[in-house]
Amino acid sequence: MPFQQPMTIDRRTRISDTTTSPYGAIAKITTDFEYGTGWFISPTLLVTAAHVLFHNGQRAQSVSVDAALNGEIKVVPKQQAQNWIAASSWDQQAGSRSEEH
């Protein structure tokens with residue numbers, strides 16, 4: 001396979017209003033030990049990967065949510081999550097997905 005030059009033209013478009021759909025449904029989740037991305041499936045329910053909420057058998061003690069971030073600009077005030085759970089297939093003690101389903 002011949003060598004190919006990396007793409008040098010950035011064709012991404014900056015989203016100026018991150019509160020519009022679907023951008024407003026994307027959030028940055030920050031916990032005691034991790035951060036990740038989540039998305040709202042309702043005004044009060046957010047989905048993310050379990051490893052963002054559990055690490056080495058430890059459940060996060062604090063989870064904050066920054067919705068509709070525009071770079072590092074906070075468009076919507078940061079919120080503290082009230083509760084969080086993981087799918088039953090996630091082994092919270094081991095901090096990994098169970099092989100048994």
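How many bridges join strand 6 to strand 7? Strand 6 and strand 7 run antiparallel and are joined by 2 bridges. The legends below begin with the whole chain and then turn to close-up views.

This is a predicted model, in which local features need pLDDT of at least 70 and side-chain atom pairs count only at pLDDT 80 or more, while totals for chains, interfaces and linings use all residues. Residues are numbered from 1 along each chain as its sequence is written, and side-chain values use heavy atoms, with hydrogens and water left out.

**View 1. Overview of the protein chain.** Read from the N terminus, their order is β-β-β-α-β-β-β-β-β-β. Of the 101 residues, 22% count as buried (buried means under 20% relative accessible area, exposed over 50%, and partly exposed in between, with a 1.4 Å probe and protein chains only).

View 2. Strands of a sheet pair through backbone hydrogen bonds, either parallel or antiparallel.

View 3. The structure holds 3 salt bridges, a salt bridge being a side-chain nitrogen of Lys or Arg within 4 Å of a carboxyl oxygen of Asp or Glu. One of them links the side chains of D66 and K74, at 3.6 Å from N to O. D66 is buried, with a relative accessible area of 4%, whereas K74 is partly exposed at 46% relative accessibility. D66 also forms a salt bridge with K78, whose closest N and O atoms are 3.7 Å apart. K78 lies in the loop between strand 6 (63-67) and strand 7 (79-80) and D66 lies in strand 6, so this pair ties together parts that are 12 residues apart in sequence. K78 counts as partly exposed, with 42% relative accessibility. Through shared partners, the salt bridges join D66, K74 and K78 into one network.

**View 4. The salt bridge between D10 and R12.** The closest N and O atoms of D10 and R12 are 2.8 Å apart in this salt bridge. D10 is exposed at 51% relative accessibility, and R12 is exposed at 71%.

**View 5. Aromatic side chains.** K28 lies over the face of Y35, at 5.5 Å from the ring centre; a charge sits over a ring if NZ of Lys or CZ of Arg is within 6 Å of the ring centre and within 35 degrees of the ring normal. W90 belongs to strand 8 (residues 90-91) and is buried at 15% relative accessibility. The C-alpha atoms of W90 and F54 are separated by 9.3 Å, although the two residues are 36 residues apart along the chain.

**View 6. The largest pocket.** About 630 Å³ of space lies in this pocket. The pocket is lined by 27 residues, of which L45, L46, V47, N83 and W84 are the closest to its centre. At least two lining residues come from each of strand 3, helix 1 (50-53), strand 6 and strand 7. On a 1 Å grid over the protein atoms alone, a pocket is an open set of points where a 1.4 Å probe fits, with protein on both sides within 12 Å along at least five of seven lines, and lining residues have an atom within 4 Å of a point. Grid points are joined across faces, edges and corners, and the volume is the space filled by probe spheres set on the points.

**View 7. Backbone details at P22 and A68.** S21 and P22 are joined by a cis peptide bond with omega of about 0°, and P22 is found in the segment before strand 1 (26-31). A68, a residue other than glycine, has a positive phi near 55°. A68 is placed in the loop between strand 6 and strand 7 and is buried, with a relative accessible area of 3%.

Notes
Helix = DSSP H or I, 4+ residues; strand = E, 2+ residues; numbered from the N terminus. Pairing = 2+ DSSP bridges.
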